[in-house]
Amino acid sequence: MFISDCRREFYDVIVSQRVLLLVASDVDALCACKILQALFQCDHVQYTLVPVSGWQELETAFLEHKDQFKYFVLINCGANVDLLEILQPEEDTFFFVCDSHRPINVVNVYNDTQIKLLVKQDDDLDVPAYDDIFRDEEDEEEDSECDSDGSEPSEKRRRFEEDVIERTMKRRQRREWEARRREIIFDYEQYEYHGTSSAMVMFDLAWIMSKDLNDMLWWAIVGLTDQWVQDKITQMKYVTDIGILQRHVSRHNHRNEDEENSLSIDCMRIAFEYDLRLALYQHWSLYESLCNTSYTSASLKLWSVQGQKRLQEFLADMGLPLKQVKQKFNSMDMSLKENLREMIEESANKFGMKDLRVQTFSIHFGFKNKFSASDIVYATASLMENIEKEGPETTNFIKALDSLSRGNLDKLHQGLDLAKKQLCAIQQTVASCICTNLVISQGPFLYCSLMEGTPDVKLFSKPVSLCLLSKYLLKSFVCSTKNKRCKLLPLIMAAPMDVEQGTVIMVGIPPETESSDKKNFFGRAFEKAADSTNSRTLHNHFDMSIIELKTEDRSKFLDALISLLS
């Protein structure tokens, strides 16, 4: 059931209870969790936080805690499946689900008692009407036996025939209704996409309760930026949501320019700006950022000798000396940095990169530390998927969560270093896939598989890293191929998951087109292909378009997909 008043129907209900928070492993979920934690701290709410990276962990966590808790808050997980069927809870258990995954399961929408959905109502939800998909079980079979003994045999026969006709009609209507229901459900669940960021929904709650702080606003910005960096929402949706947040930013961060109100040394300030679409450039060298940002790398085709030449021409056109470009951004000449954005933009237009400028926000901690929202997204995501083992499974999650607090700049800088390594690994893998023609057209989709022994292959057994790689690869492939049909195809990417168990992780992403609505049909297609071939698959991720598969079942699974999508 959708909640219309978050404060009354959600927060006031749980504020006096013990709550279990189940949080998915993505940056938007972490940001939403930080906002909720801050609210809980204000009101001394008792809660336990459990990170969950997939359905199995969610079920395990629920089974472990269901006796101690009656109130569960699920962040970025749980909306797109029938929760009651999966978890089989008692009747006095309540779930509050704040999840950006769409479409929302219809049973969750129409369950009035146990499931409460914290969802922005102005998202295009298109939920089917109740009467189209649910029907009361009526016993239509009425025993219309003949009561009067004295009636004529012919009368009996006539009534019997009418009864048979009526029953036949009812059965036919039921069959038609069921066929229509299947069609409606199929249309509704066919594509997977994302709605408003969960962090923004949580910030709205804080704002309604007049408890919104600048820190919470920054987490909402990072949550939205995560959706944009991971390419989960359309440009239109991103710009609209940026506009909403911009109003809050000017409300929280307006200052008079007189001496009295100048910044104190540990103050935090958020600013809206048009920034360059270059990954981590303020914490790297400009040269490395240009080489490792998917947009510039794909536009200039940097995997080829010709592309490297174009990069040199691009830098020459800007009039930037190589010595300056290759040193740390912080160490560049001030005179060059002052007009840098305008210089880069002007040259980028000549080289066909018209979208190098993007609306975003930056944050200043005092005078020294400045970060853009995308820097935080890359750093936090890298900490969460760090492959160097340090202690128990949840260590990475806790580190990533801590890096979002302004008191933990050392963790944030550690995340930035990991993010640089990750971006370099992605770029090198993209270059080798394109130069060795690993991306092949399978008919209805493109396919690329990373072999065991590929450099950095361990990093790509993690879902967020693999999705980023897939999106970068598809972008680069579209820029490099001359085949017009291939430019419009989606991509399936596979990487080794667990060599000992013989499993691969597979992700499907929609086509890379200007008008793309970011809707992904691979989730349903993967399920059908697995069912029809009895492939041993594990649909454990909250994103339906990511699955795990036994290596020996891969070829029959792909054959089934090809025939299904052709």
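Mentor: Start with the term. A nonpolar core is a set of buried Ala, Val, Leu, Ile, Met, Phe, Trp, Tyr and Cys residues joined through side-chain atoms within 4.5 Å. Buried means under 20% relative accessible area. Keep in mind that this is a predicted model.

Now the core itself. The largest nonpolar core has 141 residues. Within this core, F10, F95 and W218 touch the most other members.

Take F10. Leave aside residues up to four places away in sequence. F10 then touches I3, D5, L36, V73, F96, L118, M202 and L205. A second core is separate and holds 25 residues. Y295, M332, L340 and A348 are among them. As a general point, nonpolar side chains in soluble globular proteins tend to be buried together.

Next, a helix pair. Helix α17 covers residues 373–384, and helix α18 covers residues 395–403. Their axes come within 7 Å and cross at roughly 160°. Angles over 145 degrees count as roughly antiparallel. The two helices, α17 and α18, are therefore roughly antiparallel to each other. The crossing of α17 past α18 is right-handed.

Which residues meet there? From α17 come T380, L383 and M384. From α18 come N396, F397, K399, A400 and S403. By class, this contact has 4 nonpolar, 3 polar and 1 charged residues.

One is a cis peptide bond. R102 and P103 are joined by it, with omega at about 0°. P103 sits in the loop between β5 (101–102) and α5 (106–110).

Another is at S210. Its phi is near 55°, a positive value in a residue other than glycine. S210 lies in the loop between α8 (198–208) and α9 (214–229). Is S210 buried or exposed? Exposed means over 50% relative accessible area. S210 has 62% relative accessibility, so S210 counts as exposed.

K301 is not a glycine, yet its phi is positive, at about 55°. Look for K301 in the loop between α12 (294–300) and α13 (305–318). With 33% relative accessibility, K301 counts as partly exposed.

To recap, keep F10, F95 and W218 in view when you look at the largest nonpolar core. For the helix pair, follow α17 past α18. For the loops, check P103, S210 and K301.

Technical notes. Residues are numbered from 1 along each chain as its sequence is written. This is a predicted model: local features need pLDDT of at least 70, side-chain atom pairs count only at pLDDT 80 or more; totals for chains, interfaces and linings use all residues. Side-chain values use heavy atoms; hydrogens and water are left out. Axes are lines fitted to C-alpha atoms, for helices over the stretch in contact, and angles run from 0 to 180 degrees between N-to-C directions. Helices (H or I, at least four residues) and strands (E, at least two) are DSSP runs, numbered from the N terminus. Angles under 35 degrees count as roughly parallel, over 145 as roughly antiparallel, 65 to 115 as roughly perpendicular and the rest as oblique. A crossing is left-handed if the near helix is turned anticlockwise from the far one by less than a right angle, and right-handed if clockwise. Contact means heavy atoms within 4.5 Å. Ala, Val, Leu, Ile, Met, Phe, Trp, Tyr, Cys and Pro count as nonpolar, Asp, Glu, Lys and Arg as charged, and the others, Gly among them, as polar. Buried means under 20% relative accessible area, exposed over 50%, partly exposed in between (1.4 Å probe, protein chains only).
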